[in-house]
Amino acid sequence: MDIFSGESKMKVKVLVRNPDDYLRETKRDIHKLPRNYNPALHPLEAPREYTRAMNAVKLERVFAMPFIGSLDGHQDGLTCLGKHPDHLSWLYSGACDGELKLWDVAKRKIVYTVQAHDGFLRAMAFSQETSSLYTVGDDKLIKQWKTQELDGSDLKAPVNTIVTRSMLTGVSHHRSKPYLATCGEACNLWEQTRAQPIKTFQWGVDSLQCIKFNQVEENVITACGSDRSIILYDMRESAPLRKVVLQMRSNSLCWNPMEAFIFTVANEDYNLYTFDMRNFASPINVHKDHVSAVIDVDYSPTGKEFVSASYDKTIRLYNSRQAHSRDIYHTNRMQRLTCAAWSLDDRFIYSGSDEMNIRIWKARAAEKLGVVKPREKTALRVNAKLVEKFAHHPAIKRINRHRHVPRHVYNSRNELRSSRIAARRKEFNVRTHTKRQLPIIPEKAKVIVSEQQ
């Protein structure tokens, strides 16, 4: 009691709750529940998360339907695919009969068709600076096409045609400057306004079958040679820079769009090799799993993954830092693959094969293509993290890695595995036999022998 005022004071504890913590803003919102994240109160958190991860990985395999559709209209096998840098839904395709088609992938329709070359249309490349498409073929011509009209009518006739001395097998355009690189009997560097090459690089190779400009270090060019070599050029120099020779020929290569020094080559020995151009002594990674020659390779826009097309009628998706593929795509009707491309929005994969079809696939087999609401998107991200957390658990690892493959791939894989084991066993036996035959010399005798010598 206060003596001066004659009033009594008392302390009272009152529970104060903020309505915003537990009331919904509208009737359509979900009820808010108070949660205590103290680990001591949740002893069964790990088993509960493991069960959710198991359910998530099972549902992912249930909903894994990567095939979307096919684009048919060519009269001969596919040779190359081209992605328009400004239109995500535009896809250019070249065929063995020299036909060039422009597709609207979203509508799955042909926008325009033109007879671009006599014979094979070997390769194509885009110029972002002039919005042009360059094509090369067996008729020894380089043709420049405009790609600005929405109806494809500017493909009626080429804007420019350059006649070359020899047959060309590949073409690539500089990212920001008006320079063009072609390969055939030699590596030629062209300027858009000139009819003669401004530079020619040769290094004792009969022919080159693939050439690509680096998208980060823009003056660097790499080519695959018929003598099993990979050659590195710099357009500012007068001679090639480096050369590495593999055991078998490389069919195609692709630069990593995010890492300046990294590129991957598709080889005839069923493998893909990732190199660092600063060190050609050995590849930084060898990507396996194919059972026949790898024909084409293309990186995703993020640079974290790439797709490979093989002669074994399958498409494989790889993480750029892992040796084995994360997924395999195949169909009963799809025959030998000739080209593959990863869409610029990182969501789709295009493949061309010699039965005249272009197929569209999901980049992630279980991804939902329709509208995904925020709650669903959050749940998918949580499930992905849970699967990643328990990825090394035997049961989840087995379900996540399991894939059905065609019979010929399964049998070939077993045959290759048996041959590798036999070769390894033979090498071990040879080493053991050699060690047994070597005489055992005491340490003192070794010193004496070295002194006498």
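This is a predicted model: local features need pLDDT of at least 70, side-chain atom pairs count only at pLDDT 80 or more; totals for chains, interfaces and linings use all residues.
## Salt bridges, a sheet and a surface patch

Glu-367 and Arg-364 form a salt bridge, with their closest N and O atoms 3.9 Å apart. Both residues are partly exposed: Glu-367 has a relative accessible area of 25%, and Arg-364 has one of 31%.

Across the whole structure, a search finds 19 salt bridges. Here are some of them, with the distance between N and O atoms.

| Pair | N to O distance |
|---|---|
| Lys-389 and Glu-49 | 2.6 Å |
| Glu-268 and Arg-249 | 3.8 Å |
| Glu-367 and Arg-364 | 3.9 Å |

Lys-389 belongs to helix H2 (residues 374-389) and Glu-49 to helix H1, so their pair ties together parts 340 residues apart in sequence. What is the relative accessibility of Glu-49, and is this residue buried or exposed? Glu-49 counts as buried, at 17%, whereas Lys-389 is exposed, at 53%.

Now to the sheet. Four strands form an open sheet in the order E18-E19-E20-E21, with antiparallel pairing. Strands E18 (250-255) and E21 (285-287) stand at the edges with a single partner strand each, so one side of each has no neighbour in the sheet. Five bridges join E19 (residues 262-267) to E20 (residues 272-276), and Val-265 has Tyr-273 in E20 as its bridge partner.

Finally, visit the surface, where Met-10, Val-12, Val-14 and Val-16 form a nonpolar patch with about 510 Å² of accessible area together. Met-10 lies in the segment before helix H1 (45-62) and counts as exposed, at 75% relative accessibility.

How values were computed:
Residues are numbered from 1 along each chain as its sequence is written. Side-chain values use heavy atoms; hydrogens and water are left out. Patches are made of residues with over 30% relative accessible area and no salt bridge: like charges are joined within 9 Å, nonpolar side chains (Val, Leu, Ile, Met, Phe, Trp, Tyr) within 5 Å. Accessible areas come from the Shrake-Rupley method with a 1.4 Å probe; for residues, only the protein chains shown count as cover. A salt bridge is a side-chain nitrogen of Lys or Arg within 4 Å of a carboxyl oxygen of Asp or Glu. Helices (H or I, at least four residues) and strands (E, at least two) are DSSP runs, numbered from the N terminus. Buried means under 20% relative accessible area, exposed over 50%, partly exposed in between (1.4 Å probe, protein chains only). Two strands pair if DSSP finds at least two bridges between them.
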